[in-house]
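Here is a short tour for anyone meeting this structure for the first time. Have a look at the model, then read on.

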Amino acid sequence: MPQNKELAPIRVIARRSKLSQLQVAEVFNRLKDIPYTIVFTDTFGDKRLDLSLLNGEAPDDMFTRELDWALLHDDADIAIHSAKDLPEHLHPDLEVIALYEAFDKTDALVSRDHIKLMDLPAGSTVGTSSPLRKKGLSELRPDLKIVGIRGCIEDRVAQVRDGKLDCAIVATCALKRLGMEDEITEILPFPTHPMQGRLAITAKRGEAAENLKKWFAPGNILNETI
């Protein structure tokens with residue numbers, strides 16, 4: 001790895017949520033010699049909680065748009081994302097320069113009184129924002145009522161604890177990163193998003209991005225997934 005005296009602090013941008021802040025720390029904890037500054041911001045998806053992710057009405061860059069803008073206008077050097085939030089096609093002037101493996105790729109059920117999925121009464125409400133989770137749930141328990149749910153992980157769990165929902169399905173790794181393992185009722189057998197739990201770093205294409213790739217090489221599995 002290059003010596004840090006060769007590099008001015010890297011300007012990082014990421015979403016404002018507590019989970020995102022922990023993900024930024026996770027990246028730099030493994031790369032301790034890299035100096036950086038950080039700006040957290042709310043994205044279109046963070047602001048538009050009225051948009052459902054279940055019916056296709058939400059744009060696929062809803063969680064990256066503002067971060068992409070900052071990179072394209074040279075207001076930041078890199079953006080750190082939950083990899084599954086990346087759109088199918090990045091802006092042509094941007095690229096993924098690093099991808100880090102998930103430490104847990106599963107989904108978890110969070111339910112009131114820790115009632116397991118197969119023991120939930122018919123008609124119980126299940127919160128999810130994922131079409132893939134909706135599909136898996138419908139195959140196992142077609143008698144449950146699926147409700148679109150938005151907001152940060154803490155808010156989703158709170159909706160269960162406050163009785164607004166009977167349960168919710170969330171990424172296990174998110175609960176673990178937030179120190180909320182006690183909220184897990186059970187790990188679910190559903191197939192999950194191939195990028196679930198992984199962290200991605202994007203940057204503007206060019207010489208600077210090529211140099212940044214050297215700094216973020218340790219643990220980078222990007223070439224293994226292509």
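## Around E101

Let's start with a single residue in this predicted model. Leaving out residues up to four places away in sequence, E101 touches R198 and I221. Its place is in the loop between β4 and β5 (107-111). The fold also brings E101 and G197 to 7.4 Å from each other, C-alpha to C-alpha, although they are 96 residues apart in sequence.

Is E101 buried, partly exposed or exposed? E101 counts as partly exposed because its relative accessibility is 34%, and that class lies between the cut-offs of 20% and 50%.

## Two residues with positive phi

Now hop over to the loop between β5 and β6 (125-128), which is where D113 sits. H114 is found in that loop too, between β5 and β6. Phi of D113 is near 60°, a positive value in a residue other than glycine. For H114, also not a glycine, phi is positive as well, near 55°.

How open are they? D113 counts as exposed, because its relative accessibility is 69% and exposed means over 50%. H114, with a relative accessible area of 39%, is partly exposed.

## The nonpolar cores

Time to go inside. The largest nonpolar core has 20 residues, and the ones that touch the most other members are V27, F28, I78, I80, I97, I201 and F216. Two or more residues of this core come from each of β1, α1 (18-29), β3 (78-82), β4 (94-100), β10 and α7.

Take I80 as an example: setting aside neighbours within four places in sequence, its contacts include V12, V27, F28, L67 and I201. There is also a second, separate core of 17 residues, with A108, I153, A171 and L178 among them.

## The second largest pocket

What about open space? The second largest pocket has a volume of about 240 Å³. Its lining is made of 18 residues, and R11, D77, A208, A209 and L212 lie nearest the centre. β1 (10-15), β10 (199-204) and α7 (207-215) each give two or more residues to this lining.

Which element gives the most to the lining of the second largest pocket? That is α7, with 5 residues. Sorted by class, the lining has 11 nonpolar, 5 charged and 2 polar residues.

## What the record says

An unreviewed UniProt entry places the feature "domain: Porphobilinogen deaminase N-terminal" at residues 10-207. Over residues 10-207, the chain is 25% helix and 26% strand, and the end C-alpha atoms are 15 Å apart.

Technical notes: Residues numbered from 1 in each chain as written. Predicted model: local features only at pLDDT ≥ 70, side-chain atom pairs only at ≥ 80, totals over all residues. Heavy atoms only, no water. 1 Å grid on protein atoms, 1.4 Å probe; cavity = no way out; pocket = protein on both sides within 12 Å on 5 of 7 lines; lining within 4 Å. Points joined across faces, edges and corners; volume = space filled by probe spheres on them. Helix = DSSP H or I, 4+ residues; strand = E, 2+ residues; numbered from the N terminus. Nonpolar A, V, L, I, M, F, W, Y, C, P; charged D, E, K, R; others polar. Core = buried A, V, L, I, M, F, W, Y, C linked by side-chain atoms within 4.5 Å. Buried < 20%, exposed > 50% of the residue type's maximum accessible area, 1.4 Å probe, protein only. Contact = heavy atoms within 4.5 Å. UniProt positions renumbered as here; feature names shortened; annotations may be inferred.
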